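Me: I'm new to this structure and would like to learn how to read it. Could you walk me through it feature by feature?

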Amino acid sequence: MTHVVDLRDVTKSYGDSVTALKSVSLQIAAGEMVSIIGPSGSGKSTLLHIMGTLDRPTSGLVKVVGCDVGRLPDRRLSALRARRIGFVFQQFHLSPGLSAVDNVADGLLYAGIPRKERRRRAVNALEQVGLGHRLEHRPYQMSGGEQQRVAVARAVVGEPALLLADEPTGNLDTAAGSEVLKVLHDLHDAGTTVVVITHDSEVAQAADRQVRVRDGVVLSEGSDQR
Ligand code: ADP
Ligand code: MG
């Protein structure tokens with residue numbers, strides 16, 4: 001079976017005092033949608049950073065989209081991250097001076113695609129998240145939900161194998177959060193592997209599988225495991 005994420009006995013310590021992840025093993029299959037839930041400080045973001053190759057483990061094996069992260073030098077790791085992994089965070093991290101379409105097109109800067117083609121793909125991605133009518137809007141001219149959908153479009157415009165979202169609805173009201181959740185589901189239906197960290201039980205339960213984290217340990221997984 002192809003695993004997009006394969007973690008074996010992964011430990012992550014910060015200094016001598018904090019062990020944020022303790023011997024975590026977790027496999028995520030291609031095409032799955034998985035939610036990660038757990039109290040604040042339990043290690044969820046650390047887990048996402050390691051799956052996203054933003055951080056390296058203290059020990060253990062990390063394979064992402066088939067690559068053994070521990071064997072890749074930083075430069076190759078950055079390339080892997082830019083081309084194969086999309087990120088969405090609680091804060092939208094949009095460039096305030098850029099239109100929606102330019103914010104999304106920036107997601108392709110590393111792919112060596114000409115400007116005009118970047119723009120064409122950005123328009124497509126914005127249409128996919130229901131924002132075809134907001135192409136030239138700046139972030140301040142959009143609602144929080146719309147801004148987060150721009151951020152999702154930017155994350156997926158390069159068609160990553162893995163989409164990682166850390167509390168993507170955390171700054172949104174219920175209605176806007178539902179819209180963002182629907183977009184994540186549409187992407188999953190279209191074949192993207194999606195991992196979403198959430199406090200929201202509605203968001204969590206909508207996934208195929210729930211992974212519960214507490215004190216740096218993966219406790220249990222939902223019954224719909226493949
Ligand atoms: P969550 O996302 O579940 O709230 P985190 O993964 O952010 O949890 O944090 C897990 C633990 O690791 C917490 O105790 C946190 O204080 C600690 N931690 C996270 N990042 C760092 C860091 N860069 N340096 C030191 N400790 C950290
Ligand atoms: Mg967190």
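Reply: Let's start with a word we'll need a lot: a residue is buried under 20% relative accessible area, exposed over 50%, and partly exposed in between, using a 1.4 Å probe and the protein chains only. Take E167: at 10% relative accessibility, E167 counts as buried. Before going on, note that this is a predicted model, in which local features need pLDDT of at least 70, side-chain atom pairs count only at pLDDT 80 or more, and totals for chains, interfaces and linings use all residues. Residues are numbered from 1 along each chain as its sequence is written, chains are lettered from A and ligands numbered from 1 in the order in which they are written, and side-chain values use heavy atoms, with hydrogens and water left out.

Me: Where does E167 sit?

Reply: First, the naming: helices (H or I, at least four residues) and strands (E, at least two) are DSSP runs, numbered from the N terminus. E167 is found in the loop between strand 7 and helix 6. Its backbone has a positive phi of about 50°, although E167 is not a glycine.

Me: Which element holds D9, and is D9 buried or partly exposed?

Reply: D9 belongs to strand 1. With a relative accessible area of 47%, D9 is partly exposed. D9 also has a positive phi of about 50° without being a glycine.

Me: What does D6 touch?

Reply: Contact means heavy atoms within 4.5 Å. Not counting residues up to four places away in sequence, D6 touches L26, Q27, L61, V62 and K63. D6 lies in strand 1 and is buried because its relative accessible area is 9%.

Me: Which side chain makes a polar contact with that of D6?

Reply: A polar contact is a pair of N or O atoms within 3.5 Å; within protein, one must be able to donate a hydrogen and the other to accept it, and residues adjacent in sequence count only if both atoms are side-chain atoms. Here the side chains of D6 and R8 are joined by such a contact, at 2.8 Å.

Me: How does K12 look when I read it like that?

Reply: K12 is in strand 1 (residues 3-14), and it counts as buried at 9% relative accessibility. The K12 side chain makes a polar contact of 3.3 Å with the side chain of D55. Beyond four places in sequence, the residues touched by K12 include V18, L21, I50 and P57.

Me: What is G60 in contact with?

Reply: Leaving aside neighbours within four places in sequence, G60 is in contact with R8, D9 and V10. You'll find G60 in strand 4 (residues 59-64), where it is partly exposed at 45% relative accessibility.

Me: Now the ligand. Which residues are around ligand 1?

Reply: A residue is near a molecule if one of its heavy atoms lies within 4 Å of it. Around ligand 1 those are Y14, V18, A20, P39, S40, G41, S42, G43, K44, S45 and T46. Helix 1 gives the most to this shell, with 3 residues.

Me: Which atoms come up against the oxygens of ligand 1?

Reply: A backbone N or O atom of G41 lies 2.7 Å from a ligand 1 oxygen, and one of G43 lies 3.0 Å from an oxygen of ligand 1. From K44, a polar side-chain atom lies 2.9 Å from an oxygen atom of ligand 1. Taken alone, ligand 1 exposes 560 Å², and the protein buries 56% of that; such areas come from the Shrake-Rupley method with a 1.4 Å probe, and for residues only the protein chains shown count as cover.

Me: Why is helix 1 described as largely enclosed?

Reply: Helix 1 is largely enclosed by the rest of the structure because 6 of its 8 residues are buried. These are K44, T46, L47, L48, I50 and M51. After helix 1 comes T53, whose phi is positive, near 60°.
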